[in-house]
Amino acid sequence: MSAQSLEHLSGGSAKNSRTLLRVVILGFIAAAAVASRLFSVIRFESIIHEFDPWFNYRATKYLVANGFYKFWDWFDDRTWHPLGRVTGGTLYPGLMVTSGVIYHALRALALPIDIRNICVLLAPAFSGLTAIATYLLTNEMTTSPSAGLLAAAFMGIAPGYISRSVAGSYDNEAIAIFLLVFTFYLWVKALKLGSMLYGGLCALFYGYMVASWGGYAFITCMLPLHSLVLVCMGRYSTRLYVSYTTWYALGTLASMQIPFVGFLPIKTSEHMPALGMFGFLQLLAFIDYVRGAVSGRQFQTFLYTIVAAGFGVGLGGVVFLTYMGYIAPWGGRFYSLWDTGYAKIHIPIIASVSEHQPTAWPAFFFDLNMLIWLFPAGVYLCFQELRDEHVFIIIYALLGSYFAGVMVRLMLTLTPVVCVTAAIACSQILDTYLQRESPNAADFENQETDGADAAAATAKKAAKSGGLRATRSPYVGIYSLLTKGLVVGSMCVYLLLFVYHCTWVTSNAYSSPSVVLASRMPDGSQHIIDDYREAYQWLRQNTHEDAKIMSWWDYGYQIGGMADRPTLVDNNTWNNTHIATVGKAMASREEVSYPIMRQHEVEYVLVVFGGLLGYSGDDINKFLWMVRIAEGIWPDEVQERSFFTARGEYRVDHEATDAMKNSLMYKMSYYNYSSLFPAGKAADRVRQARLPDVGPTLDSMEEAFTSENWIIRIYKVKDLDNLGRDHGSAAAFDRGQKKKKPTKKRARRVLRLE
Amino acid sequence: MAPKRIAREGTPTAATAPAVASTPSKITVKPSSGAQSWDQVIMSVYNYYQSQTPQRTKLIDVFMAFLVLAGGVQFLYCILGGNYPFNSFLSGFGATVGQFVLTASLRIQTTEANKADFPSVSQERAFADYVVCSLILHFFCINFIN
């Protein structure tokens, strides 16, 4: 065996072992990503958290039970009671179909797993895939061998992403972030290679993304923006044409296949940048062709006329079409990202969601820890090299950080780019201090003497011969072992701290199922407050199948999912007036709300009350939003002002205003509450208020169920009075509140008409 | 006749953007001192096209011209006859636009002069990509046309 073949062998095996190492590391990262999301399943149980996922879960169950075609045209008559909901046309089916496919695939492999477990564990599984997609994306950005793995590790455990993808949070974001990152990877790849195939794949995954999450608009605006910036930088290439037009032509058609999206890609303003860029690229391709054909002078006139005219006419056309109403203007949710005060004034229902508030500074550090200060460094490194794909990362970083600053929820879309850039910065440091070989002493001396500053060199030499021993050695700066060790060591410490931070945040902040409230007993043992499921179970077992439940929209999905009863409104807030109707019923006097409830065939009303336990997310704290939303529709019947005291305070104790005390919500929340306490001691632990001894009376409804800790209270709406009296006088009669001296005067009557 | 055809070939489909549709008219209308140079531009483009384009590429160009024609006719019909089954119009029109840009991409990738831009895409690879993307496109169009 010759030496050469031996060398070849060893080189090959080194490469192989490196590949093996990569695969093993990626496997570990994926495993860590899955494992760090399982806190809530291990601590509590394998259930769906939050509110939205309950609908997704219910829809998935429907899909699994009834097949795809029925799911596609599912008319759900158990939500939005009088109206119903065309579910097939108003949801993003990607999530449900994905878990349905997994369910059937596992059954085909003879692993029959409950659909609930698939739904609970879908997000962790996809987070492993997200880590791998981040690895691929980062490897497109840099040649450093470690950057991709670092990015994958960051993405696997960064709390900014974990917050929306713990086990049990069966939400659209669970698969959407994977699709987002993977679509971006395919786009960068397509742009680099100029390959139609990658463009087509990018379009396919874009279609999948459209099928799963409303945030696909982010991709639709990112890619044309990237292309536009490239064109403005004079980096137009035929590769750009091939990849962009392939993506746009296929991707737009793919996105239109989803019933919820339908014709939106050609009719709304969010999609206009993509269309405009498509047209502009055609123009550019034509110009590019002509440039090869004509001489420079001729080309100048040609270029200016065509580009100016084309761009101007295109922009004017879009503005004109929008102005004429052919193209819908920005949607409210999207528009409120630009005009941050818009939602609060015009659409209270958008502003009422806590996730739609601006982000505070600590949240960035809390969710991203050290990545947040490596992030700008990574962007800076992208600037230094500035290939086409680096421009992409820079734009993504700018847009992503703006959106994350405007809305807490969009921290999610920022996290991937933070991980990628932080990994680039981190690997740059590590590569510099780990791989830089010490130069030969001879080379070093040569360099020194070659340098223009010969005087400095001689000075140094003089110092070398007579100075300190440390300076005599040429291996100073980053070549010495001490420096390397220090820098790499501190970097390792930061990385370890990052892991600790992530685990701590995940364990403490993001792993609590909101269905079950956990508290600690004085001895440190855990006490579980399970009132939600208690009440929903009561509804499921003790009411008839079609009893309509009225509650505030927050609980609509949970009632539909856990209690399996029809609701009036739910978390899909597509009909603002209907929600305002419920708000009005809650905020009005009994005499006003009883007819409303009769008209909507309401049989039970459910309120959440945290006064006994100090559970702050209850309906009295949400009450002002109900009032505001109702006031938007009926300004002269419900006024927010009348719920404040004369001094402008929102109070529930004896100083509460009449409108507050007589509102249905107040009465339902505090009904019989003071009987729990000795006289004069009734207190509300959330509002820190002492309540009056005599609680409110309810005439038109009766208490049906109150959970153990009084968190959920369910009332049954009374039937009409048998004798035709109104409920107020009937109840007064029953209580025996008749006047002592019956008046002799004849009551004023009206003429009987029939 | 010929120069007009070429001008159309180079331009994208008439309806991708209103901007593009107006380019030919700009060429003819321009009255100022540029008129002379515009003639030259068109002539030199025409000569360049005739002399430099291989037969195969010309075949692709004919197909693209046909696609522009088909798309134009559909668009005209949509304007004249109304757009009632809007999805049908969109899928028909989208098919022509999509096929046009895919063919343009194929033309770009198979042109000798662009070889440096696509080091990893051989002629055969370009054609295979073209076939795959066209299949995807037609699947979506047929699905969308109902």
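Modeller: What follows goes from the fold of that chain to its cysteines, and then to the other chain.

The model is predicted, so local features need pLDDT of at least 70 and side-chain atom pairs count only at pLDDT 80 or more, whereas totals for chains, interfaces and linings use all residues. Residues are numbered from 1 along each chain as its sequence is written, chains are lettered from A and ligands numbered from 1 in the order in which they are written, and side-chain values use heavy atoms, with hydrogens and water left out.

Chain B has seven helices and zero strands (DSSP runs of H or I over at least four residues for helices and of E over at least two for strands, numbered from the N terminus), and its elements read α-α-α-α-α-α-α from the N terminus on. Of its 146 residues, 45% are buried (under 20% relative accessible area, with exposed over 50% and partly exposed in between, for a 1.4 Å probe and protein chains only). When contacts (heavy atoms within 4.5 Å) in chain B are taken between residues at least 6 apart in sequence, 68% of them join residues at least 24 apart. The accessible surface of chain B (Shrake-Rupley method, 1.4 Å probe; for residues, only the protein chains shown count as cover) is about 7,900 Å², and carbon and sulfur atoms account for 67% of that area.

As for the cysteines, a search of the whole structure finds zero disulfides over all chains (pairs of cysteine sulfur atoms within 2.5 Å). C78(B) is in no disulfide, and the nearest cysteine sulfur, that of C141(B), lies 16 Å away; C78(B) is itself buried, at a relative accessible area of 15%. C141(B) is likewise in no disulfide, its nearest cysteine sulfur being that of C133(B), 13 Å away, and C141(B) counts as buried at 6% relative accessibility.

In chain A, F154(A), F184(A) and L371(A) touch the most other members of the largest nonpolar core, which has 243 residues (buried Ala, Val, Leu, Ile, Met, Phe, Trp, Tyr and Cys joined through side-chain atoms within 4.5 Å). Leaving aside residues up to four places away in sequence, F154(A) touches residues including M370(A), L371(A), C419(A) and F498(A). A second, separate core of six residues includes L26(A), I29(A), A131(A) and L149(A). Elsewhere in chain A, Y323(A) sits in helix α15, residues 296–324, and is exposed, with a relative accessible area of 71%.
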